[in-house]
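Have the model open in your viewer, coloured by chain. The stops below say what to select next and what is there.

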4 protein chains.
Amino acid sequence: MFPPSIKKLIDLFSKFPTVGPRTAARFVFYLLKLSKEEIENLTGAISDLKSAIKICPLCFNPFQSEGELCQICANPSRDKSLLCIIEKETDLLVIEKTKKYNGLYFILGGTVSRLKKADIEKLRTKELEEMVKNHPEIKEIIIAVNPTTEGESTALYLERLLKPLAKKITRLGRGLPVGGELEYADEETLGSALEGRK
Amino acid sequence: MFPPSIKKLIDLFSKFPTVGPRTAARFVFYLLKLSKEEIENLTGAISDLKSAIKICPLCFNPFQSEGELCQICANPSRDKSLLCIIEKETDLLVIEKTKKYNGLYFILGGTVSRLKKADIEKLRTKELEEMVKNHPEIKEIIIAVNPTTEGESTALYLERLLKPLAKKITRLGRGLPVGGELEYADEETLGSALEGRK
Amino acid sequence: MFPPSIKKLIDLFSKFPTVGPRTAARFVFYLLKLSKEEIENLTGAISDLKSAIKICPLCFNPFQSEGELCQICANPSRDKSLLCIIEKETDLLVIEKTKKYNGLYFILGGTVSRLKKADIEKLRTKELEEMVKNHPEIKEIIIAVNPTTEGESTALYLERLLKPLAKKITRLGRGLPVGGELEYADEETLGSALEGRK
Amino acid sequence: MFPPSIKKLIDLFSKFPTVGPRTAARFVFYLLKLSKEEIENLTGAISDLKSAIKICPLCFNPFQSEGELCQICANPSRDKSLLCIIEKETDLLVIEKTKKYNGLYFILGGTVSRLKKADIEKLRTKELEEMVKNHPEIKEIIIAVNPTTEGESTALYLERLLKPLAKKITRLGRGLPVGGELEYADEETLGSALEGRK
């Protein structure tokens, strides 16, 4: 149906997260309306990305600066005794926005629904183990994965993996979110909200 | 459009919580299909309600038994040093289902969005004050209203009201609900989840 | 959990269309707050319903008047050559509101997903057949069931049933609804919209 | 918060249709995980787009072939007496999928909510007028914009514009979509469904 050049780009955009073929087609029709300069600006920005951005060898956070470590890992005022394991880059950003956390991070690179070896190997568990071993100053590891089914099974795996290495392993507190209602809360969430009252 | 007998009943059902005129009409057409016995069964059950059900003078929970107090207030094994203030009857039920709470309740009868005198007088604040004064054995009052805007302003009012009377006033813990995602959590909820980690 | 009088009424309300146990409980707590007079007003209106309302023997529309037929069937200015078969009472109301139809109706009493004898017998197909046979002045029968899977299989059954009796059998036009978008329309709907252009 | 190279790309992706800053950030983190070859494949496909794809001077449909016109306009077996005006490229595709239309198209390039001169000038109305004038073989113009508020006001404008030029101007048929329900249909849609019965 589509000309080959459009078809190829739809296929590539369809691999982007959250993008299906219909949205991918809209992306292509949008690009067709851009000027030559705007297209060059876009392809240039994409090409520059890989050379400009480094991945922090400690936490796997992408960064762009002279040093070898990202701004957080290189920041002397961050609390090196706290490590927060998160699923993906955007989770780091939302935690930073709360201004309630001053420790380090580790970006796991995903979660797994089943504890199959092939699935777990897609996560940075080896790198995580190494990092924790090499940093005995870490006193508490916060497993901050989503409280979803996938997050739960990943958290269980991480707890078992890190138990021999860590002094203290914690999880995010459960409770009612802002705007939530008791009537529609599940029993586990409401139970946690009661136990965590203050 | 509707015959008067149907119209009247649609108007009455439309006052039921969550029911609009369209659903009210469906209720009436449902009733029209019931047998005479089924109709009598329903009207009998509605009529019996008020005579069979008593309202507990302590917590305002509806109950049906010989005694003067509801099963929870009359139960000697409940912890009389804990009082949980809730908005409505169904909130009591969801908290009981968690099996994480063994104290007493007080059903406030609603929440207010503005702290206007006329609005507050619709709540059982006078009865609440009285109840707390008469029960010095209460050591902790848990304000378990919804973490919504209305719930928050009501909670602030209750805190001010009860502060001179209560030893300890707490609120339900905030955090990520089961199935929630960091990425879509607001900053306050995620901040509470971090602080309440364990 | 609930006192027996409340439990019984929750069970009865749970049988109402669209009502689950949670909403049924809210209905009961609402009733508990009504005055004795309001309760009597409600039960009175429910009891009166069956005696006040008659079901039209021709179209099965509930009505409340002296005559033997409902206002539509008894209205001499309605077009007796048109019969519109609908699923339920509320469908009659929405069609009347369009002011685009001046014929008669027949309320089928439901739709069937499978053409099993036991299912079909729950519909008023015998009464429909009889009605059409006794009214040779009917020139067109409009099968106005929902264009859903259930509606489609019911319509196919009705077409086969009525073909030997009716001069003309039609169905509601398909097309884009107000507010719809081409991009999200299925092929059949959009194809009908194209064919039905005007 | 973000390094400049990431920030720049987030800004560019945020201009894509349906993409907000959060999704744009996910796109960037996705790109960071691609190999150098995959990135080059993507930027190459974007760069090639503009040179490979031509815009049909008749219907404004993007195409990729030797000729001067797109496959539809150049196809001798298409019915040149029919012109279908659509809002955007993807609408052409959904109409082609129905296999119920064999005429030509004209891609208007948008719709307008207000008939302000500045808004209308963003649409291809001048080109449309020209095209219709130069093709007297057109016997029917189908205005196939969405039946939304914006679509309606655009259609009214087009009708006025084309009336002096066209023999017959039609609109897509209104009616119930597949899976729709009478009960939730608006009066206009249901009225059209009744009038368009067949």
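## Stop 1: helix 5 of chain B

Select helix 5 of chain B, residues 89–98. Its buried residues are Glu89(B), Asp91(B), Leu92(B) and Ile95(B). Look down the helix axis. These residues span an arc of only 155 degrees, so they sit on the same side of helix 5 of chain B. The general rule is that an α-helix has 3.6 residues a turn, so residues three or four places apart point the same way.

What covers the buried residues of helix 5 of chain B? Show strand 2 (62–63), strand 3 (82–86) and strand 4 (104–107) of chain B; these are part of the cover.

Step past the end of the helix. Lys99(B) follows helix 5 of chain B, and its phi is positive, near 55 degrees.

## Stop 2: confidence

This is a predicted model, so colour by pLDDT before going further. Chain A has a mean pLDDT of 94, with 100% of its residues at 70 or more. Which element of chain A has the lowest mean pLDDT, and which the highest? Helix 6 (residues 117–120) of chain A is lowest, at 86. Strand 4 (residues 104–107) of chain A is highest, at 98. For the complex, the predictor gives an ipTM of 0.85 and a pTM of 0.79.

## Stop 3: domains of chain A

Colour residues 4–52 and 62–171 of chain A separately. The domain assignment makes these domain 1 and domain 2. The C-alpha centres of the two domains of chain A lie 32 Å apart.

## Stop 4: chains A and B

Show chain A with chain B. The contact takes 41 residues from each of chain B and chain A. On the side of chain B that touches chain A, the elements giving two or more residues are helix 5, strand 6 (168–171) and helix 9 (187–195) of chain B. Helix 9 of chain B gives the largest share, 9 residues. By class, this side of chain B has 15 nonpolar, 13 polar and 13 charged residues.

The same surface serves both copies: 100% of the contact residues of chain B recur in chain A.

## Stop 5: chains A and D

Switch to chain A with chain D. Here the contact takes 38 residues from chain D and 38 residues from chain A. Two or more residues on the chain D side come from each of helix 1 (4–13), helix 2 (21–33), helix 3 (36–52), strand 2 (62–63) and helix 5 (89–98) of chain D. Helix 3 of chain D gives the largest share, 11 residues. The classes on this side of chain D are 24 nonpolar, 7 polar and 7 charged.

Chain D superposes on chain A by a rotation of 180 degrees with 0.0 Å of shift along its axis (RMSD 0.1 Å). Select Thr43(D). Of the residues of chain D, Thr43(D) comes closest to this axis, at 2.6 Å (C-alpha). The copies meet through the same surface, because 100% of the interface residues of chain D are also interface residues in chain A.

## Stop 6: pairs without contact

Show chain A with chain C. No contact joins them, and their closest C-alpha atoms lie 9 Å apart. Finish with chain B and chain D. These do not touch either; their nearest C-alpha atoms are 9 Å apart.

Terms used
Residues numbered from 1 in each chain as written. Chains lettered and ligands numbered in written order. Predicted model: local features only at pLDDT ≥ 70, side-chain atom pairs only at ≥ 80, totals over all residues. Contact = placed C-beta atoms within 7 Å. Buried ≥ 20, exposed ≤ 12 C-beta atoms within 10 Å, placed from the backbone. Helix = DSSP H or I, 4+ residues; strand = E, 2+ residues; numbered from the N terminus. Arc of directions from axis to C-beta. pLDDT = per-residue confidence, 0-100. Nonpolar A, V, L, I, M, F, W, Y, C, P; charged D, E, K, R; others polar. Domains from an automatic or database assignment. Least-squares fit on C-alpha atoms with pLDDT ≥ 70 in both.
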